[in-house]
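This report describes the fold of one protein chain, moving from overall composition to individual residues. Please read it beside the sequence and the three-dimensional view.

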Amino acid sequence: MRGSLRRLIPDDAIRTGLRWKLSAAIALVGALVAIALSLVVHNAARVSMLDNSRDLADERIQVAQRMYESGRTQSFGVKVDDPAIPRDLLEKVAEGRRATYVSEGPHGVPDIWAAVPLKDGRVLSLHTRFTDRGADVMKDLDQALFIGSIAVVLGGSALGVLIGGQLSGRLRKAAAAANRVAAGETDVRVREAIGGVVRDETDDLARAVDAMADALQQRLEAERRVTADIAHELRTPVTGLLTAAELLPPGRPTELVLDRAQAMRTLVEDVLEVARLDGASERAELHDIMLGEFVARRVAAKDPDTEVRVIHESEVTTDPRRLERVLFNLLANAARHGKPPIEVSVEGRVIRVRDHGTGFPEELLSDGPQRFRTGRTDRSGTGYGLGLTIAAGQARVLGARLTFRNIRPTGAPEHMAAEGAVAVLWLPEHAPTNTGSFPMLPLSGG
């Protein structure tokens, strides 16, 4: 399943952090709001200043009208029957009303007009431009709005990074804890891993993952118990069948019955061993051994034709019985599914078993050994797919790491047939304790 999910995700998919997405979203919203508010404030301020200018012009034209009608000298630069008066303003004055008018002047500076009809039928008008002071005020206002908009965007981005960082950190902790659960650490709880005082949707997700992990663990444990119980119940009748088959008269039929009965007994024992390994209750019985000598003697006793090379001898602390089980299962898999010659090498704490067959199937390389799966048909042979599963389980009990890869010429494409398969057992530098954990070593100088 992990391999299938991995193939659904494109390798070239763009990966971005949640904090940057949230920061970009807040910055974009802040920029849009700042621009909208700036436009509204700019237009409102401009309209307000123009209204004030028109009111001032209206007051001045009224004063000028009184002065004109009383025969006094004109001020404010008013004119009588000015030919430049806008047509729209003249139409209003022709109706006998005093009016003001704003027109667009050169360089985008508004012109302020005010006009009033006189008793003699003439028109008194006042023409002023939008004051330089007003233009300076609008310029300063636009500058302040621009700086404020930049501050809003930067502040929103910083806030997004801060909030997104906290949320992203919690999600990363949850993902790390979920990966540990997927790796088999049943005592890990996602909710405890993310911590924090504030409760949000991340806690709901963590609780859901914990509940799913508990349910899955219970189901796996139930399946393991059922498998173990079935295998245990089969041991007695299978042993009786094998004993009865040995009492049959010699002949080809007897040989066939004995062979199948022995195969059934081996299968039952393997299933029981897998069930015990799945229960995580197995503990290693540790002894000090010389690894190269141990492997050479065991392989010679099992298959004298297999070549063993001890590149570098090393003393290790491990469980000889379980190590022998792993080694024999790797040899049996190489003999059953690969091709001779089979080579075994020991280098320090590393044991390699290589054959010259067609290589491991891609499913095994991506997902690891799976019970009752023997791989591709081109790795011909028989079996139930439990050998490598047991080897991997025993390696975990030893605290070791078991890896698999195919041998190809340097630079050869992936679709090219392999020239062999190699299984590598990496024994740990420090053996597990009798509780299944690893010892904590003091730091030097501490």
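Helices (H or I, at least four residues) and strands (E, at least two) are DSSP runs, numbered from the N terminus. The model is predicted: local features need pLDDT of at least 70, side-chain atom pairs count only at pLDDT 80 or more, and totals for chains, interfaces and linings use all residues. Residues are numbered from 1 along each chain as its sequence is written, and side-chain values use heavy atoms, with hydrogens and water left out.

**Overall composition**

The chain contains 11 helices and 11 strands. Of its 446 residues, 33% count as buried; buried means under 20% relative accessible area, exposed over 50%, and partly exposed in between (1.4 Å probe, protein chains only). Among contacts (heavy atoms within 4.5 Å) with a separation of 6 or more, 63% join residues 24 or more positions apart.

Four strands form an open, antiparallel sheet in the order 1-4-3-2. Strand 1 (79–80) and strand 2 (99–104) stand at the edges with a single partner strand each, so one side of each has no neighbour in the sheet. Helix 3 (residues 87–94) packs on this sheet and touches strand 2, strand 3 (110–117) and strand 4; the directions of helix 3 and strand 3 make about 20 degrees. These axes are lines fitted to C-alpha atoms, for helices over the stretch in contact, and angles run from 0 to 180 degrees between N-to-C directions.

Two strands count as paired if DSSP finds at least two bridges between them.

| Strand pair | Bridges | Facing residues |
|---|---|---|
| Strand 1 and strand 4 (residues 123–129) | two bridges | Lys 79 opposite Ser 125 |
| Strand 10 (residues 401–406) and strand 11 (residues 421–426) | six bridges | Phe 404 opposite Ala 423 |

In the loop between strand 1 and helix 3 lies Asp 81. Although Asp 81 is not a glycine, its phi is positive, at about 50 degrees. Asp 81 is partly exposed, with a relative accessible area of 39%.

The buried residues include Leu 388, Ile 390, Gln 394 and Val 397. After helix 11 comes Gly 399, with a positive phi near 75 degrees.

Val 295 belongs to helix 8 (residues 291–302). With 1% relative accessibility, Val 295 counts as buried. Not counting residues up to four places away in sequence, Val 295 touches Val 308, Leu 327, Val 344, Val 346 and Ile 351. The C-alpha atoms of Val 295 and Ser 345 are separated by 8.9 Å, although the two residues are 50 residues apart along the chain. Pro 341 lies in the loop between helix 9 (320–337) and strand 8 (343–347). The peptide bond from Pro 340 to Pro 341 is cis, with omega near 0 degrees.
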